[in-house]
Structures are given as structure tokens and as C-alpha cells.
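Please open the model in a viewer and keep the selection tool at hand. The stops below proceed from one selection to the next.

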Amino acid sequence: MRADDRASCHVLVIGSGGAGARAAIEAEKFGDTILISKSIVGKGGCTPMAEGGYNAVLRTGDSCVLHEEDTFRGGAYLNDPDLVRILVHESPERFEELIRWGALFDVSHDNLPAQRSFGGQRFPRTCYAGDRSGHELMLTLLEHLRNSKVHILQEMVVVELLKERDRVIGAVGMNTRKGELTVIRADSTVLATGGGTRIYDISTNSATGTGDGYALGYRAGAELIDMEMVQFHPTGAVYPYDARGRLVTEAVRGEGGILLNARDERFMVRYDPERMELSTRDIVARAIATEIEEGRGTSRKGVYLDVTHLPSEQIEERLPVMLEQFLKFGVDIRKEPMEVAPTAHHIMGGLRITTEGRTTIPGLCACGEVSGGVHGANRLGGNALAETQVFGKRAGETAGRSPSRTGRIDPLQIETVENRMEEFYSGDIPPWTVSRRLQRAMWDDAGIFRTEEGLNRTLGTIEELLAGALCAATPQNIAECFTVRNMCLAASLVVRSALLRPESRGAHVRRDVKQSWDALTSPYSHTYISVYREGIMRREVPK
Amino acid sequence: MRITARIYRFDPVCDTAPRYETFTVDVEHGARVLHFLHAVHERDPGLSYRYCCGTGQCGSCAVRMDGIPVLACMEEVRDGITIDPLNLPVKKDLVVDMQPALERLAGIISGGEDHLLDRDTVETIKPLRGCIECLACVSVCPAMEVARFAGPTAMRQEMRRALDPRDNSDRITEAIRDGLFTCTTCQNCWKVCPKKIEIPAKAIEKLRAIANRMGLSLPRHREVEQLIRDTGRSIPRGKSSFLEQVPEVIEPEGKVRKTVGFFVGCMYDFRLPDAALDAIEVLRRNGIRVIIPHEQVCCGSPLIRTGQLQYLDNLQRRNIQAFTSRGIDTVVTMCAGCGSTLKKDYCTPFTVKDITEILTELGIEEPACLPLRITYHDPCHALHGQGIQEPARILLNNVVDIIEIPQKCCGAGGGTRSGCPDISSALGKRRAEELVTTGADVIVSCCPFCEYQLGEFADRSVKNITTILHEGYREKDRLARVHNR
């Protein structure tokens, strides 16, 4: 066994975005905590890229009941009610805690936390720090972490969860540059690896959004729910081509931005005349995709998102990152419209969790985007940052409170990992050719509009890609090989779950299915998928 | 689109020295440096580079493009560039060790108020908060090379904490321990900052001002302040004084093309008056009428840079009054530090121009060619403080051969020369050596602090740009006399 680097801890947290950092801060109160980051803590994941904000009920006129209703309605009533209740009720506490820890969210003229309107919400409840809200949240957690005793392993990928019978007892990590293994034994493990829409050709996610957690959890035997529910954010940049999909925050519409097609028509009037641009993301994304598909898009296959009617000062104060990014790419959004098109943004599905953050296998908790159930079939903007804090704390606490154990690491499991590494050295397919084919196949046939035929075609492609022998030219490529395999597995979970749901609901649209019900009267609940079983749960149709 | 670029390669494990490799790959129109690196990586999977968000928000991917730090994901790639890692310890190729610098950025320590801050406080701190910790600033900081200085972004974080009422720990003593007074305020850090956080003005000088209020200014800085209060000058009078040698109005030769006020500054008045006299000759020769109010005083830069602000109003009032009372609409400076201060730290009813700016704007009589190879040292307060780079070259181009060298701070600014002489000398020596290695006969600049500092450490003459022009005119006159004879 080559892996001679060993560590042991009470709680192991995998993933260093908003959820992982919050979980580690909580877990550390109970014992030695190790946090593994695939990048550098504070830089990885999607939290620092989150622009729009954090939903919390803070003012009179708003209420938790209203926030719950908005979340259910936005989620096409597929959300887990217990998780939603906790999200909504604890989000304000976590927000106040962030403030105590040093966060600098914007403050309104009446010296209350500033809140803006976001899609699908009947009250302006999205707290923000300009359009760098996630960065603000992440900086706050990072500063807190740096003052804490959490032990951080940077630039390490987790290649496998370690098991003792059915219990997770830690993980095998690998240094992304040197390809060296580290074996970490833990009393309890928290999976907080974030999402994975890098499996699509056009995506808002950072380079780390490769779905590793779904793959790790699945291989370890955990059950995942609603993996077909992938949110396509309506507004991603279309230029430059190599940076396509870059997020254009919903805050742009929240601040009053309007959508126009190439014929200068404010087309949302045809799709949701009541809520217009501030309809839910699934609806706006489909509207834009339809406009483009039917030939009313721009030459770069986008539509216009226009804020030129807003005062320059408002754009400069509330949307500084957008202003700066577009200026870098040659567009002054104060004077000319942006060109946007849908982009894969968030996976609503994920590991099935309890309100305490426990997954279906002992020893493993999950929180943040890698978990499922909070957002149902479509996530409201501003609920993801809140989710990272509410469930990050809960999962960290659950893991922290779990008893100490003496786990025995199975050498065979390490050997399997090492053998796979050896295989990569003798393979012949460069990992990036695989990810590129995967991303195209997912975009073409498992994207906004889906059919059984297209999904099966994609599944075929994925299986073919998984069967190929990936090659690593250098030790650093080993991590890339593991990541690409995880991407393929995560993609297959999305596609298989999409085939399991014979209806259109929220973000999941099956063009080949005619249905006589809507979200409220649907006979279906969660899809579920694990190494042991898969299917779709039925539910009593509300009368 | 086909792009060719050189990339720094180095693996400390197996390479004895770094090398460059040139790659040519195809990228899409509008591609960024990062996309070029992705394309190269497919060609050479061994290439190491760091990236994450791809949208300028995480600060993972900073590299140097032709020497200047940029975020690879935001900077458009150009044909023929050279890509280097940041100037930090290299782990492999373009990947540097960020940890030591990042670990210095600890957060607020709760202990003060724990409620939501009011809007004004939040708005005050926000300009210091956008940092994405890319370490571009750390990569270009001269003080960090020679001093125990925690660096620009660490000072930004200290100021962010000092402003935050939730943190009631003593940030100032820590900042001083971490090298607050070693910063030369060269402005390199924020010029390369992708978020344009003005660390020298918004953090360094502000922290020094708090230190001053706490009685923690350096003794040498306090002496300078006292001298300014007593004499109106930041340095003692030398052998001679410029102001004592010139009348208040100097008429030009020939037709008056322009009338300007002249702000000489402490250094050219008391320490390098000959250079100022040369400047006056050059102005005269080019039809510029010069008015020199003799009651002008120190611009206050030595006070602002060192955080001693109590007497500043007095200086500003006297200087503005000196020029406005004579109805002057354009004031010319020849000291880069004074120019930057009058432009940025004053609210003047007149326009302020550096002498190189006014001369290039009006156009000058061509001096004779001098048989000299010079190298030009861009003063930080001209290049970064005022954004002036081209005028000096336009003026010098037909007079001498210029050997270009990348800009770097000479260590004389920011109160470092008086307050931390060892550090200032170390930087001065380094810069002088660099300039000498160009093989130039003369080092030319347009800042008395730089000229004085480099003159101390370089084994060849250091001259002001107007002195060179003046020599060019004298040569021209001599040739004319020879010709006429």
C-alpha cells in the first residue's frame, strides 16, 4: 500500500464552499476537524461566484409562511416540506450570525439589511452585498475559519469514501498536483462538494462544479433524489465564446432589467404576463430558449437583457461586478444591452438528507447543493446561499455530535484506488476529450427540453465514455481522470432520473410526455436512485 | 484565431532552472489568457496552472502577462505575449504558493459591537472589501522584497478591521509591527489590482493617520512635521535656494505662448535648485512666461503619506492662495510627488500639469542631439500617481538614445527614506544597480526624490529631464555659433 500519508479526525468535511466552510466551523466545536478543498479555501466552489443574494425573512410585512409558500410554488411542490420549513425559519438566524462574524451586507437608508426583489417571491427578501453577495458570505466564513482550529487540506480531491461495512469512515484524498494519496479516517464525514453543472457544455459553475459529491455518495451506497432537476439559469453570457455561460445575475432583473428579443419585443409578456422578467427561473429560461429556437434571438444565439434605462449610479452601486465584467468584454451595460442565453446553473437534486443532514448511509452527512429536496423542481434565487448556511450548520453539528469510533480501514479499498491510478497511466483517451463529448451530449439531449429518445441517446454516450480507458500523462492528470469519471457518473444519474420521471415539472420538461395534471395535482413525488434501487415515488393527489 | 505565446516552465523537483516554452494554438475570438492555457494544456498535459471560477471572482488564476499581473480568466490573450507566474515562490510552472500570504488575512475578532452596522459604516468599509485575494499586489510590492512587510492586501485587511466597530482589538500596533511604515506608497499594488482597491490611499495612509492620532508616528516623521510647521519646508535649507535666486516673473524669449505658475517643491528649492533653474530656462526658451509666487510652501505630501494631517489644511490654503491671488489658471510642477499631490489631494481652482506634460502639449523647439545613451527612470508618482509615461519619452527621443527598462520603485517615497532608511537604501541600491546594468551613460528622471536617491547609489550621473533638454539647447547654440563663425 503506497498511501502512507495518514490522518485521523473527528469530523471530515469534504468541500470548501459556503456549506462546507459552515459545516467545518460548526463541527470544530466538537472535536478535531479536517476540511478538504479541491481548490484553495475561499476560491473554490460556486459560493464566491454567487452574485444575487441570500433570502431571509427580516422585515414586517414578510413572513416565514410567505417564504415557504414562495419556495414551494417555485419548486413545483416537489420540495421536502420539513427541509423547507427549516430553511425558512433558520435562514434569518444564520444571517444574523454572519453579521456578528463580520459580514458586510448592504444596509438600506433606514439602517436595516438591504433586501431586493428576486424571481418568484412576493416580498423583496433577498439580502445582498452589491452583486458580490456570495463573495461576501465566503469571505466572512473564510475569516472565521482562519481564526479557528479547523485543519485545512488544500488542493486535494477526494477519490473515494472509505467504508467499514455500510458505514462511511473517512476518505481517500489525492494531492491534485503530485498525485499522492492521503488516507483520512474520520468518526463522521460531511459531504459538501457543491453542484455539478460542468457536466453541461454551457454552465455557470466554477471549474470545481463537476458533480464529484454525487458520484462519491452514489458509489458509497447513498440514495439520491430528484437528480433530473437541473436549473438552467435564464441569463448566461454568450460572448466571448470560450467564457460562454458565465452567470449574469438575476439581480440585473431584480434591479429592473428587461428582456428583449431581436425584434425588440418584451417577450416575457407571452410567457408570464403577471411576473414578467421576475417569473421563476424555469419559466424565464424556457421563454428565452423558445425565443432563440423559434428564430427571434440574436446572431450569437441570445436575447437582450437591458438596464440602459436605469440610472448609472444604480448600476454602479448595485451591479458593480456585472459592470466590470462586461466592460472587460467590451460592453458598457450602462449604454448598451447585454446578450444572454440560458446556462446550466444548479442541480436541485442530490443526496437524500434528513433535517439533521444525515444521508441514507451511516457516518455520512451532506449539505448544500450536493444534497436534494430543499428546492424541489426549481430553486428560487437567493435560497441557495441560505441553504448553505442553514444546512451547513446542521450537518456540521450532527457530525460533530456523533460518537467517536475506531474504524478499521480496509487495505483492499486503498488498493482498488491505487490500481485505478495505475490503469490511468496505461490508458489512451485524454480526459478533456471525454468531458467535451459528455458536455455536448448533455446539452443537446438532457438540457432544457428532453425526450425519452434523446435521454437514451445521451445515456448511450455516457456508457461509452465510462467504458473508455482514460490516460494520464503526468501525476497531475490523475486528478483530472478521476474528476472526468465523476462527471460521467453524475451525468448518468441526471439522465437516468430524467427517464424515471414521466412528466414535465419545474425545470424538468419532457416534450414527449402529455400530461393531464399540473404541479399541484401531479401523482408523483421524488425520483430516487442508488446502487441498490431506483424509481419514482407516487403520492396522494391533493383533492 | 491563432495565438503564439511564451510560457514559463519550471518544476522545482526536477528542473535546475526555469525556461520558456513557446506554444502556438487556436482559440476562439475574444479568448482570454486562461482559454489559451486550456488549449496549451491539451497539447502538453504537463502544464500546471491554477484557475477556478473563470469569471474574475475567485482570484485563483493571476499570472503575469508581459510582466504585469492579470487575472488569466479576464484578460484577453494577445499574440506574442509572455506568460509568467506571479512573483511568488513557484510550485510548478504558473502555480505559485499562495498560502503564506493568504494566512496573513485573518478576520475580525469579535469583541466590539455585535449588531448590524449602520449604512455609513458599511459604505466606508466596502471599498476595502472587494479583495479576491489573487495576490497580484503582493507580487509587485517593492517593500516586501527588502523589508519584513506583510504586504498590501494584509494592510488592506488591517484597515478593514480597524474601521469595523465589531473588532475592538488593536490593529495599529499590529500593522506597525507588520511593516506599516515600510510601504513607499509607490502605487504599484493598486495599479495591478483587478478590483482597483486603492490600498496606499485607503489603507496605508489611513492606518498611518490613526497611528498618528495614537501618538505612534515615527520620530523622524514627527521631526519632518515640526520642520514644516516651523519653516513651510519639509527639509532644511541647503547651500542655496531656488526661490532666492529667481524673480517672481520670468519673461520668455520671444513671443509669449502661455503663462503658467511654477510650483517648485521643497526638494528642488533647497536641495536640487540647479535642476529647477534648468527647467526655468527650458520654459523660457519655449515661450512660456513663468510666475513664481515666493510664498509657496511644501505641498504637504510628506504629511499625507505619513498620516500627519493636522497641518495640511494650512499648507493647502497657502499654496492655493499663492496662485489664485495672481490669477493663474495653470500651475506647472516639476516634482512628481508635488504634482501627484496637487492633482489628487487638493481641490484646486487651477489646472495642474507636470512640466513634461505642458512641454509636450505646447510642443518644444527641437534641442540638438547629444551623444548620450540614457535610461529613463519613471517615478512612481508620475507613472502611477499621474499616469504620465509618454511625455518624457517624446521630449527626450530626438535628443538622446533611450534604453528602456521596466519601471520599479527607487524606495525614496512614502516617508520611507526618512522613517526606514535601511529599507529605503536597500531599494535604492537595487534600483540603481538595475539602471546601471543598462549600460546607459546617464540616468534621467523627473522627480527630485528619485534623482537624489539614485544619485546616492548609482556610480554615474543622474539628471533631471529638463537638464538634458537644457544641455541640448546649449549644444544647439554652440553649434550655431561654430556654424556662423
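Begin by selecting B:Ile228, which is buried, with a relative accessible area of 0% (buried means under 20% relative accessible area, exposed over 50% and partly exposed in between, with a 1.4 Å probe and protein chains only). This is a predicted model, in which local features need pLDDT of at least 70 and side-chain atom pairs count only at pLDDT 80 or more, while totals for chains, interfaces and linings use all residues. Residues are numbered from 1 along each chain as its sequence is written, chains are lettered from A and ligands numbered from 1 in the order in which they are written, and side-chain values use heavy atoms, with hydrogens and water left out.

**Around B:Ile228**

B:Ile228 belongs to helix H10 (residues 219–231) of chain B. Helices (H or I, at least four residues) and strands (E, at least two) are DSSP runs, numbered from the N terminus. Now display the surroundings of B:Ile228: apart from neighbours within four places in sequence, its contacts are B:Arg233, B:Ser234, B:Cys298, B:Pro302, B:Leu303, B:Tyr311 and B:Leu315, where contact means heavy atoms within 4.5 Å. Next, draw a distance from B:Ile228 to B:Gln245; these residues are 17 apart along the chain, and their C-alpha atoms are separated by 21 Å.

**The second largest cavity**

How much space lies in the second largest cavity? The volume is about 110 Å³. Helix H4 (136–140) and helix H6 (152–162) of chain B each give two or more residues to the lining. By class, the lining has ten nonpolar, two polar and three charged residues. Here Ala, Val, Leu, Ile, Met, Phe, Trp, Tyr, Cys and Pro count as nonpolar, Asp, Glu, Lys and Arg as charged, and the others, Gly among them, as polar.

A cavity is a set of points, on a 1 Å grid over the protein atoms alone, where a 1.4 Å probe fits but cannot get out, and lining residues have an atom within 4 Å of a point. Grid points are joined across faces, edges and corners, and a volume is the space filled by probe spheres set on the points. By this rule there are ten cavities of 30 Å³ or more.

**Further stops in chain B**

Select B:Lys196, in the loop between helix H8 (188–192) and helix H9 (199–213) of chain B. B:Lys196 has a positive phi of about 50° although it is not a glycine, and at 46% relative accessibility it counts as partly exposed.

Then move to helix H17 (residues 355–362) of chain B, whose buried residues are B:Ile355, B:Thr356, B:Glu357, B:Ile358 and B:Leu359. Just after H17(B), B:Gly363 adopts a positive phi of about 80°.

B:Pro406 is in the loop between strand S14 (401–403) and helix H20 (416–419) of chain B. Is B:Pro406 buried or exposed? B:Pro406 is exposed, with a relative accessible area of 67%.

**Helices of chain A**

Ten of its ten residues are buried, so H1(A) is largely enclosed by the rest of the structure. The cover over these buried residues includes strand S1 (5–14), strand S2 (33–36), H3, helix H4 (133–146), strand S9 (181–191) and H10 of chain A.

Select A:Glu155, in the loop between strand S6 (151–153) and strand S7 (156–164) of chain A. A:Glu155 has a positive phi near 50° and is buried, with a relative accessible area of 8%.

A:Tyr239 and A:Pro240 are joined by a cis peptide bond, with omega about -10°.

Finish at A:Asp445 in helix H12 (residues 431–445) of chain A. A:Asp445 is buried, with a relative accessible area of 17%. The C-alpha atoms of A:Asp445 and A:Arg457, twelve residues apart along the chain, are separated by 7.6 Å.

Conventions. On a 1 Å grid over the protein atoms alone, a cavity is a set of points where a 1.4 Å probe fits but cannot get out, and a pocket is an open set with protein on both sides within 12 Å along at least five of seven lines; lining residues have an atom within 4 Å of a point.
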